[in-house]
Amino acid sequence: MNKNLKEVLTIGRYFKKKFGEKVYKIPISISGFTCPNIDGTKAKGGCSFCENDSFSPNLQDKKSKFKLNPNIEHNPFLENQLKQLEMQFIATKKRLENKFKAKKFIVYFQSFTNTYAPLSTLKSLYEKALSFDDVIGLSIGTRTDCVTDEILDYLYEKSKEKEIWIEYGIQSFFQTTLDKINRADNIENMKYWIKRTKDKGLNVCGHLIYGLPDENQEMMLETFKQTIDLKVDSIKFHPLYVVKNTLLTNEFKKGRFTPISEELYIDTVVKSIVNLPQNISVQRVTAGIEDDTLLSPFWCKNKHQQMKSIRVALEEKGFIY
């Protein structure tokens, strides 16, 4: 490594410093989980870019009509969900052990909104995940309108012994943008629950999407700045790409949406990272999809090339990712 380059605090470096070795995330997708923006509680169809199963490689029983929500009195599929959790964990853990000699893991509840269920169900799933050998913690993907003080207090108690992260989809801090993407949440609520989560002593990772409809670089960087001001612990950057069977598909096909260029995306991510406080880690700098569901932009098909380009651009600014 060039000693003159400044290291970006990646989540890998954060975990290695804290635990003495590399920690691997195991993504989990549990059938029955959904979102208030999909089931009609707040809106229908989900966010405009959401093709509900496209980013869920482990999702099983996709045709199940049973959907969780916080108000159901009984979850008749809990035992099946616990089995799904265990099967996915064991399979992915074995692969990571064989390929990387992995020894420590975080269970990542990834798909849909993973706090949008009765607390009793959440406790059963979270505690099952924490009981697996070599698991040092959880990372829980959710929305800011789907957490409660009761959930956060419970997770804080778990955080006294385990590494607990809440991953919030922020996407943008412009209300006009949130409305355009059918987000069904508002900026005031988002900021309130991010601050609330931090005040309760939990780790927060914020997800930002660059290239949302009608946003320029100035707007993207303003969302980044406001996210930093909330004192999050980590950030994920995503480009907005169009996949089949989404609300955004129609806008794209009608010529109403033009995806972000690779050049603008990389430049915006690099400008963000070089202004990142040293204590905030980066969990992801890009994303993509390699199958035939991708409609545009096609540069999102090659994640490895994106990573190479971002690393080169960062090195030119004096940073090593």
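**Figure 1. Ala 184 and the loop between α5 and α6.** At 25% relative accessibility, Ala 184 counts as partly exposed. This close-up, like the others, shows a predicted model. Ala 184 sits in the loop that runs between α5 and α6. Its phi is positive, about 60 degrees, although Ala 184 is not a glycine. Asn 182 lies in the loop between α5 and α6 as well. Asn 182 is not a glycine either, yet has a positive phi of about 60 degrees. With a relative accessibility of 23%, Asn 182 counts as partly exposed.

**Figure 2. Helix α6 from end to end.** Helix α6 covers residues 187–199. Just after α6 comes Gly 201, with a positive phi of about 90 degrees.

Figure 3. Which residues of α6 are buried? They are Ile 187, Asn 189, Met 190, Trp 193, Ile 194 and Thr 197. These residues cover an arc of only 165 degrees around the axis, which puts them on the same side of α6. An α-helix has 3.6 residues a turn, so residues three or four places apart point the same way. The cover over the buried residues of α6 includes helices α4 (149–159) and α5 (175–180). It also includes strands β5 (163–171) and β6 (203–210). The face turned away from the buried side carries the exposed residues Glu 188 and Asp 199.

**Figure 4. A salt-bridge network that includes Lys 200.** Four residues are linked in a network of salt bridges: Asp 149, Asp 153, Arg 196 and Lys 200. Lys 200 bridges to Asp 149, with the closest N and O atoms 3.6 Å apart. Lys 200 lies in the loop between α6 and β6 and Asp 149 in helix α4, so the pair ties together parts that are 51 residues apart in sequence. Is Lys 200 buried or exposed? Its relative accessibility is 17%, so Lys 200 counts as buried. Asp 149, at 27%, counts as partly exposed.

**Figure 5. A salt bridge between Lys 104 and Glu 21.** A search of the whole structure finds 20 salt bridges. In one of them, the side chains of Lys 104 and Glu 21 meet at 2.8 Å, N to O. Lys 104 belongs to strand β3 (residues 104–109), while Glu 21 lies in the loop between α1 (11–19) and β2 (23–28). The pair therefore ties together parts that are 83 residues apart in sequence. Lys 104 is partly exposed at 22% relative accessibility. Glu 21 is partly exposed too, with a relative accessible area of 24%.

Figure 6. Lys 271 and Asp 267 meet through their side chains in a salt bridge of 3.1 Å, N to O. Side chains of opposite charge can pair when their charged atoms come close. How many residues apart are Lys 271 and Asp 267 in helix α9 (residues 262–273)? They are 4 residues apart, and so are separated by about one helical turn. Lys 271 is partly exposed at 34% relative accessibility. Asp 267 is partly exposed as well, at 32%.

**Figure 7. Strand β7, covered on both faces.** Strand β7 spans residues 234–239. Of its 6 residues, 6 are buried, so β7 is largely enclosed by the rest of the structure. One side holds Ser 234, Lys 236 and His 238. The other holds Ile 235, Phe 237 and Pro 239. β7 pairs with β6 in the parallel sense, over 6 bridges. Within β7, His 238 is the bridge partner of Ile 209.

Figure 8. Pro 259 lies in the loop between α8 (247–253) and α9. Pro 259 is buried, with a relative accessible area of 15%. What is Pro 259 in contact with, leaving aside its neighbours within four places in sequence? The residues are Leu 240, Val 242, Phe 252, Ser 296 and Pro 297. Ser 296 and Pro 297 are joined by a cis peptide bond, with omega about -10 degrees. Pro 297 is placed in the loop between β10 (294–296) and α10 (303–316). Gly 45 is 214 residues from Pro 259 along the chain, and their C-alpha atoms are separated by 20 Å.

How values were computed
Residues are numbered from 1 along each chain as its sequence is written. This is a predicted model: local features need pLDDT of at least 70, side-chain atom pairs count only at pLDDT 80 or more; totals for chains, interfaces and linings use all residues. Side-chain values use heavy atoms; hydrogens and water are left out. Helices (H or I, at least four residues) and strands (E, at least two) are DSSP runs, numbered from the N terminus. The expected span of a helix is 1.5 Å times one less than its number of residues. Buried means under 20% relative accessible area, exposed over 50%, partly exposed in between (1.4 Å probe, protein chains only). The arc is that of the directions from the helix axis to the C-beta atoms. Contact means heavy atoms within 4.5 Å. Two strands pair if DSSP finds at least two bridges between them.
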